[in-house]
Amino acid sequence: MIYPIYIYGQPVLRKVAEDIPLDYPNLQELIDNMYETMFRADGVGLAAPQIGLAIRVVTIGLDALSEDNPEFKGFKRAYINPHIIETSDDEVAMEEGCLSVPGIHESVKRPSKIRVVYLDEQLQPHDEWVEGFLARVMQHEFDHLDGHVFVDRVSPIRRQLLKSKLINLTKGKVRCSYKTKS
Ligand code: NI
């Protein structure tokens with residue numbers, strides 16, 4: 001099942017999402033639907049608040065990038081109750097976009113490496129350092145779980161320039177190829 005994607009301005013995108021209990025009902029079905037929703041929208045990541053649920057569940061799928069990055073061949077993972085517990089001191093800039101903020105792409109600075117704890121789809125615990133593009137996608141997606149959207153992290157000047165576009169999104173003036181809720 002494909003969910004509508006909640007657009008910038010929807011209050012759920014500003015909530016701090018809760019960890020879920022291990023017996024959360026129909027978790028596998030939720031994850032499968034999140035994969036389907038993400039791939040249909042050509043996204044590389046989707047966080048549960050983007051489908052209206054303030055819970056700590058994220059899907060990431062990087063296979064579309066595997067031509068240039070063979071390590072991402074078949075990469076399709078779910079992250080349950082993820083938390084970033086440590087980051088490197090350096091910051092790197094990279095252009096980001098978001099299914100909840102269609103039509104906007106901006107450079108964002110983030111640490112290059114992060115230490116994350118989470119449960120995988122089989123509910124096995126992990127504690128690992130991640131770097132590179134995956135660390136970037138994780139930080140973007142896990143930000144959603146803390147009520148942050150990437151445009152919060154652009155420079156004040158860029159943000160000022162984006163203001164009218166963001167206001168349009170909150171007013172429901174959205175054009176994109178997937179189902180949305182604004
Ligand atoms: Ni996003």
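Reader: What makes β4 and strand β7 (residues 113–119) a pair?

Author: β4 and β7 are joined by 5 bridges in the antiparallel sense, and two strands pair if DSSP finds at least two bridges between them, so β4 and β7 qualify. In this pairing, Glu86 stands opposite Arg115 in β7. This is a predicted model, in which local features need pLDDT of at least 70, side-chain atom pairs count only at pLDDT 80 or more, and totals for chains, interfaces and linings use all residues. Residues are numbered from 1 along each chain as its sequence is written, and side-chain values use heavy atoms, with hydrogens and water left out.

Reader: How many helices and strands does the protein chain have?

Author: There are 3 helices and 9 strands, where helices (H or I, at least four residues) and strands (E, at least two) are DSSP runs, numbered from the N terminus.

Reader: Why does the radius of gyration agree with a compact globule?

Author: The radius is taken over C-alpha atoms, and the globule rule is 2.2 Å times the number of residues to the power 0.38. With 182 residues, that gives a value near 16 Å, and the protein chain has 16 Å, so the two agree.

Reader: What share of the residues is buried?

Author: Buried residues (under 20% relative accessible area, with a 1.4 Å probe and protein chains only) make up 46% of the 182 in the protein chain.

Terms used: Buried means under 20% relative accessible area, exposed over 50%, partly exposed in between (1.4 Å probe, protein chains only).
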